[in-house]
Amino acid sequence: MPATPSTEMTLLDVTSDVSLRREFIRVIGATTDLFTYFLETREIDFQLGLQIVDQLRRHLQTNFDAAVGQAVQPLYDSYPVRHSVQSSLLAMAMGIDAGLSDEELRSIGLGSLVHDVGMLLVPSRVLGEDPITERDRQELMRHPLHAAAALEEFVEVAPAVQSVAAQIHERLDGSGYPHKLKGSSIHRLARYAGVADAFLGMISPRPHRAANEPYRAIEEILFAAHRGRFDAGAVRTLLRVVSLYPVGSCVWLNDGRIGRVVRSNPDSVDRPVIIAMNLEHDPPELEQIDLIETTQLTVVRVGELKSSRENDPH
């Protein structure tokens with residue numbers, strides 16, 4: 001039986017995603033080398049970092065939506081390497097949407113990529129489930145400074161790269177770290193990178209809490225922006241890039257079908273593109289639906305996605 005147009009589109013998307021995933025795994029390997037080099041020498045392999053950032057930009061240029069989908073996958077292992085790669089990828093995606101220049105994109109990408117190398121110097125007990133001392137907490141909050149110090153070795157590094165690496169955890173209301181900077185004291189690119197990094201941190205589990213669903217993380221970010229913690233323009237950019245229902249979210253439609261979000265619609269953040277499943281058929285029928293074009297359908301509920309890793313006793 002010939003494939004329907006929606007099925008053909010789905011198969012093309014899957015093929016693209018598989019190719020992108022293979023490249024993404026290679027980038028993870030290269031970033032592991034970057035972090036290992038820092039751990040051994042306290043230096044950053046600047047050229048390797050630029051190569052990784054340029055590769056991530058090519059991902060975005062080749063298939064923006066699929067690349068963003070890779071960026072917002074919950075992180076269950078390979079921390080802090082994979083988190084840094086995803087932060088770089090999502091920050092550059094936001095930068096593209098915001099119209100940043102090529103130099104600014106490279107700065108936000110490289111600063112985001114290396115900002116967590118200092119986590120390798122933090123005692124392992126600090127990252128566990130047990131309560132930590134105030135001294136340990138202070139050491140944890142100093143970790144961005146290790147990257148910024150290593151970047152000082154390269155006179156050709158744009159000051160913005162150091163600002164992103166050092167200020168990515170600062171917050172507009174002064175509640176961030178390591179220097180509790182406020183407002184305009186925080187570099188504009190660091191504000192964008194900080195929103196990307198915070199969102200990814202929320203959707204990934206931590207020793208002291210479970211992962212938030214992407215939709216709930218968006219709600220938290222919006223609430224924090226309303227209270228003045230995050231840059232409102234950066235948050236709007238995040239919302240356009242990942243949508244109100246980020247890629248990978250499981251949603252229920254008003255006709256009873258369940259769908260998975262595969263693409264955002266920047267001009268209508270509550271009406272993404274989804275793959276809908278009709279479970280009344282065996283095997284279930286799949287249909288790609290753009291909710292902007294199918295106005296009679298709406299999202300009525302967001303599902304709770306559980307990774308098999310969370311339930312795997314091994």
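**Notebook: helix 4 and its partners**

I looked up which residues join helix 4 to helix 11: Leu-90, Ala-93, Met-94, Asp-97 and Ala-98 in helix 4 meet Ala-234, Thr-237, Leu-238, Arg-240, Val-241 and Val-242 in helix 11. Sorted by class, this contact comprises eight nonpolar, one polar and two charged residues. I note that the model is predicted.

I then examined the geometry of this pair. Helix 11 spans residues 232-242, and its axis lies 9 Å from that of helix 4, at a packing angle of about 100°. Angles of 65 to 115 degrees count as roughly perpendicular, and I therefore record helix 4 and helix 11 as roughly perpendicular to each other.

Next I turned to helix 9. The crossing of helix 4 with helix 9 is right-handed.

I listed the residues in this second contact. From helix 4 come His-83, Gln-86, Ser-87, Leu-90, Ala-91, Met-94 and Ala-98; from helix 9 come Tyr-192, Ala-193, Val-195, Ala-196, Asp-197, Phe-199, Leu-200 and Gly-201. By class, I find ten nonpolar, four polar and one charged residues in the contact of helix 4 with helix 9.

Finally, I checked the chain as a whole. I find twelve helices and five strands. Of the 314 residues, 49% are buried. The accessible surface comes to about 15700 Å², and carbon and sulfur atoms hold 50% of that surface. Among contacts between residues at least 6 apart in sequence, 61% join residues at least 24 apart.

Technical notes. Residues are numbered from 1 along each chain as its sequence is written. This is a predicted model: local features need pLDDT of at least 70, side-chain atom pairs count only at pLDDT 80 or more; totals for chains, interfaces and linings use all residues. Side-chain values use heavy atoms; hydrogens and water are left out. A crossing is left-handed if the near helix is turned anticlockwise from the far one by less than a right angle, and right-handed if clockwise. Helices (H or I, at least four residues) and strands (E, at least two) are DSSP runs, numbered from the N terminus. Contact means heavy atoms within 4.5 Å. Ala, Val, Leu, Ile, Met, Phe, Trp, Tyr, Cys and Pro count as nonpolar, Asp, Glu, Lys and Arg as charged, and the others, Gly among them, as polar. Buried means under 20% relative accessible area, exposed over 50%, partly exposed in between (1.4 Å probe, protein chains only). Accessible areas come from the Shrake-Rupley method with a 1.4 Å probe; for residues, only the protein chains shown count as cover. Axes are lines fitted to C-alpha atoms, for helices over the stretch in contact, and angles run from 0 to 180 degrees between N-to-C directions. Angles under 35 degrees count as roughly parallel, over 145 as roughly antiparallel, 65 to 115 as roughly perpendicular and the rest as oblique.
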